Amino acid sequence: MKRMLMAGAAIAGVFAAHDASALELGTPAREHPYASSQNFALELRFGPYYPQIDEEPGLTGTPFKDAFGDKARFYLGLEFDWQVLRIPYVGTIGPGLSVGTVSMSRQAVTKSGRESGDEYTLHIYPMSLSAVLRADTFWRGAGVPLVPYGKLGLGYGIWRASTTGGTSESNGVAGKGSSWGTNVALGLAFALDALDRGATRNMDNAIGINNTYVYAEYYWLSLNGLGGQKALHVGSASWVAGLAFEF
Amino acid sequence: MRLLSAFVVFVACLFVHVTPAFAQATINVANEKSLPRLDKNGNQIAKRPLTLNPEAVNYQDCLDEQQIQFTLIMTGFEANAVIQVWAANGGVDCGQQINRASANQLCWQVAPNVPLTQQVDVKVPVRNIMSGASPFQANKTDNTVNACGKVDLTNLVVQFLYFSPGNTAAAASKKDVPIVVDTVGPNPPTGLKALPGDTRIQVSWDNISGEGGVSALTGVSAYCDPAQSAAPTTVTVDGSCTLVPNEASTSTDAEVDGEAGTEEDAGFTEVCTDGGTQTVAGSDCSSPNFVNADGTPVVPSAEFNAKYQCGSITGNAGTTVVATEVGGVPLTNGTRVAVAVAATDAYGNVGRLSSPVCETPEQTNDFWGGYRAAGGQAGGGFCATSGPGSPAGSLAALGMVVAAALSMLRRKLEGRR
């Protein structure tokens, strides 16, 4: 935790002490060719999700795998980025908040092994608040429609284990809680605007969307309680793909 | 000429004084589309929701001996005229004498004669209205509780007949009020199946048919009878003997009757187990509370619902009900329960019960129990994150540092602009 605080303070120091004359607030509009100002990005995120519950230290056996198997779960999420700053010859940087949902269910059996009408379920809502750096200089400067990007920040997951009768409980401990952790991601986006620049300009004129991307990203969402918390390890290391819009 | 004038005056007077009722008497019913309902004591009661045809008469209305209040507003009536109240199937005119008084009469009287006043409340018992409808007959009416559950969907008409003084053969005027009666619920579901759960039982079915098909259904209810299901039985098990190799016979866990196992042939020993008693779960499933004295399935009433209903769904799309409690008492693991279901139609009639199936609730496995049993430490609720070891404080400090840095940078950039 101390290391994290120091890193945060260092980042803050860089922002505060750097000669800010080269930085710009967001991406200003331009007239030739016309482009509206650009300050935000929105990602629609889909991908497989592998909860790391069985990696919790001290566990005997693999209770998650035993309960739900080891197949990937479907993750659906949204991310909203505020592209606060434009770094010349690099790209945009700013905070990004993502929220998503993953759930899984299985038919229960009775303690004596009979088929049961009950189901048990685990819902996970993974979230992250990260600094997002999108290096769009290749696309804006050289016309190469590829935008590599990276994310670094905090992760957080809310989760709930339940059965047909409601939230699960074991020896008086309710099966719900939240887990803190870290989030690191690297991705590559392809600018669809390269396929039809006319349509891109029309869309910018009409609704203010500057760029549209398809992207793929690999992330390490480690929701392990940051070392101190007794957390259910509901994070995942996996890839995600989707559409992104800058506006 | 005088004679002709006198004749004209006589005819005019005759027309005015003898037939005014025929020409002018009218009967209207106030608020005909939403008639007040009364209980058997005459107190006004709330009707069913609009989704359950509140103006119609259903099984429970019949059981409760409800009455329908018709507020008649009459004009142009004569002294000594008679107003009678009859009922018949739709399309039958009770104003004709042949339909009221003959061997083949089609109408039946449902209330005493109405007093002759300009406005009067006529209270007609719903059982009277349906008492001559099929399967009953107009001249063999039944207005007892026996009628409830017998009359299926039927369009009846309550007819208020005005008879001029001295002429009860043909009604001079009438007012018809249609009343729909349906006291028979849908058929019970088929393919009933029960599965155990943790203090609950899931009941599912394949299909429900009935008047109007599935579209006429508004719900399905499950009924549980924990006390009366077929109980486990104790049976006597005979002793048995088998031949086992000599080596194996020394390691078996079976109780060996040394006296019985005296014969040894070609390396085999006869091993016998003692007979005894064994508890076996009852294979049949029945509940005396779910059938009538004559063996026919019960048609649930409000009283029956309060006692045995243990789950329900609304609409006609579902095929599963989860039974959790009966009579306010939760189902308990290990207690065998007889479960039956009945469907509800668009008039709020609950159909007869299905044959019961029996099941015993039992604790089930789940992820959380497995995780905690494996030594997992998490859980306890969302507030548990603020307990010892939570990074919330440190994270808040980090967030404030980042926010302060961003704020300073923003001020610098805005100053430059």
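Is Cys310(B) buried or exposed? At 4% relative accessibility, Cys310(B) counts as buried. The close-ups below come from a predicted model.

**View 1. A right-handed disulfide joins Cys224(B) to Cys310(B).** The two sulfurs sit 2.0 Å apart, and the torsion about the S-S bond is about 65 degrees. This pair links distant parts of chain B: Cys224(B) belongs to strand β12 (residues 217–225) and Cys310(B) to strand β18 (residues 309–314), 86 residues apart. Cys224(B) is buried too, with a relative accessible area of 0%.

**View 2. Cys62(B) and Cys148(B) pair up in a left-handed disulfide.** Here the sulfur atoms are 1.9 Å apart, with an S-S torsion of about -80 degrees. Cys62(B) comes from helix α3 (residues 59–63) of chain B, while Cys148(B) comes from the loop between α5 (126–130) and β8 (154–163), so the bond ties together parts 86 residues apart in sequence. Cys62(B) is buried at 0% relative accessibility, and Cys148(B) is buried at 9%.

View 3. Tyr218(A), in β12(A), is partly exposed at 36% relative accessibility.

**View 4. Strand β12(A) and its antiparallel pairings with β11(A) and β13(A).** Between β11(A) and β12(A) there are 10 bridges, and Asn183(A) stands opposite Leu221(A). Over to β13 (residues 236–246), β12(A) pairs through 11 bridges, with Thr212(A) partnered by Phe245(A).

Conventions:
Residues are numbered from 1 along each chain as its sequence is written. Chains are lettered from A and ligands numbered from 1 in the order in which they are written. This is a predicted model: local features need pLDDT of at least 70, side-chain atom pairs count only at pLDDT 80 or more; totals for chains, interfaces and linings use all residues. Side-chain values use heavy atoms; hydrogens and water are left out. Helices (H or I, at least four residues) and strands (E, at least two) are DSSP runs, numbered from the N terminus. Buried means under 20% relative accessible area, exposed over 50%, partly exposed in between (1.4 Å probe, protein chains only). Two strands pair if DSSP finds at least two bridges between them. A disulfide is a pair of cysteine sulfur atoms within 2.5 Å.
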